[in-house]
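Please keep the sequence and the structure in view while reading.

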Amino acid sequence: GHHRTVAAAGEDHLGLSVDLPAALEVAVERGRRRLDVGAVGDQHFTVMAGMGFDAQMLADTSETTKARIGWPAYVMGAARNLRDRPMRVTIRIDDRPPLRRRARSVLVANVGRLQGGVRLLPEAEPDDGYLDVAVLTPRTLRHWLALGWAVVRRRDRVPRMEVHRGRRIEITSTRAQPRELDGDLIDPGRTLRAEVCPRALWLCVPQPQESPDLSVDAEGASERGEELIEEAHRE
């Protein structure tokens with residue numbers, strides 16, 4: 001389960017650091033936080049599950065470059081796949097009326113960061129008991145560029161992206177689609193059902209433990225850890 005996923009997804013998205021000073025500081029400060037986990041059947045994700053274009057991107061990308069997928073790669077991928085038909089999906093969130101959309105991608109996020117550290121959903125918090133749902137509906141390259149620019153510039157309103165929030169999400173497509181959990185492909189399928197498991201995972205995190213963007217805390221802990229090491233050398 002979760003442990004492999006946390007290690008793989010943690011550095012970029014959860015503010016886990018492979019940096020030794022930061023790790024020492026986290027151990028000394030003993031900051032802990034209980035995070036939600038998303039469940040898809042008997043598999044789990046800590047960051048994000050996706051159906052459609054984002055999973056197709058991962059399928060088309062070699063293992064070595066996956067960690068470096070940023071908006072330029074998404075836009076290049078979009079240009080290559082513009083002729084593909086969008087998915088026709090029905091999205092059910094909790095007990096609300098179903099949404100019917102023509103989407104390129106539907107993402108279910110516990111944390112709002114994409115591969116490459118891009119903040120797609122600034123409101124998504126890993127311990128609020130909810131999953132955030134992003135429905136991406138760009139049809140042209142211009143749409144993709146506008147969407148990407150708004151995300152990179154951290155605009156409040158992102159064109160061609162609709163955001164919802166819930167505890168149980170079921171996405172059903174008219175045909176099988178590529179699917180991914182935390183950047184790992186799972187078997188293609190017509191349905192993606194995700195459910196939040198509130199506060200299911202203890203994580204040792206840098207202080208302070210309040211920022212929704214945990215990587216900010218990791219940088220701070222790294223600096224404090226460097227000071228700790230320097231003091232030890234002086235003594």
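In this briefing, a residue is called buried under 20% relative accessible area, exposed over 50%, and partly exposed in between (1.4 Å probe, protein chains only). By that scale D94 is partly exposed, because its relative accessibility is 23%. This is a predicted model, in which local features need pLDDT of at least 70 and side-chain atom pairs count only at pLDDT 80 or more, while totals for chains, interfaces and linings use all residues. Residues are numbered from 1 along each chain as its sequence is written, and side-chain values use heavy atoms, with hydrogens and water left out.

**Overall build**

- The protein contains seven helices and 10 strands; helices (H or I, at least four residues) and strands (E, at least two) are DSSP runs, numbered from the N terminus.
- Of the 235 residues in the protein, 50% are buried.
- The accessible surface of the protein is about 12400 Å², and carbon and sulfur atoms hold 49% of that surface. Accessible areas come from the Shrake-Rupley method with a 1.4 Å probe, and for residues only the protein chains shown count as cover.
- Among the contacts in the protein with a separation of 6 or more, 73% are between residues 24 or more positions apart; a contact means heavy atoms within 4.5 Å.

**Salt bridges**

- Side chains of opposite charge can pair when their charged atoms come close. A salt bridge is defined here as a side-chain nitrogen of Lys or Arg within 4 Å of a carboxyl oxygen of Asp or Glu.
- How many salt bridges does a search of the whole structure find? The search finds five, and three of these pairs are described below.
- D94 is paired with R96, with 3.5 Å between the closest N and O atoms. R96 counts as partly exposed because its relative accessibility is 39%.
- D95 and R168 form a salt bridge through their side chains, at 2.9 Å from N to O. D95 lies in the loop between β4 (87-93) and β5 (99-103) and R168 in strand β9 (residues 168-181), so this pair ties together parts that are 73 residues apart in sequence.
- R101 and E162 form a salt bridge in which the closest N and O atoms are 2.9 Å apart. This pair links distant parts of the chain, since R101 belongs to strand β5 and E162 to strand β8 (residues 161-166), 61 residues apart.
- R101 is partly exposed, with a relative accessibility of 27%, and E162 is partly exposed as well, with 23%.

**Charged surface patches**

- Patches are made of residues with over 30% relative accessible area and no salt bridge; like charges are joined within 9 Å, and nonpolar side chains (Val, Leu, Ile, Met, Phe, Trp, Tyr) within 5 Å.
- Lys and Arg count as positive and Asp and Glu as negative, with His and the chain ends not counted. The place of a charge is taken as NZ of Lys, CZ of Arg, CG of Asp or CD of Glu.
- R85, R88, R102, R139 and R160 make up a positive surface patch. One of these residues, R88, is located in strand β4 and is partly exposed, at 47% relative accessibility.
- E226, E227, E230 and E231 make up a negative surface patch. Here E226 sits in helix α7 (residues 214-234) and is partly exposed, at 38% relative accessibility.

**A buried methionine**

- M161 is part of strand β8. Is M161 buried or exposed? M161 counts as buried because its relative accessibility is 15%.
- Apart from its neighbours within four places in sequence, M161 contacts L120, L121, A134, V135 and L136.
- M161 and A103 are separated by 58 residues in sequence and by 9.4 Å in space, from C-alpha to C-alpha.

**Backbone angles**

- Most residues other than glycine have a negative phi.
- D94, which is not a glycine, has a positive phi of about 50°. D94 is placed in the loop between β4 and β5.
- R154 also has a positive phi, near 55°, and is a residue other than glycine. R154 is found in the loop between α6 (141-152) and β8, and R154 is exposed, with a relative accessible area of 58%.
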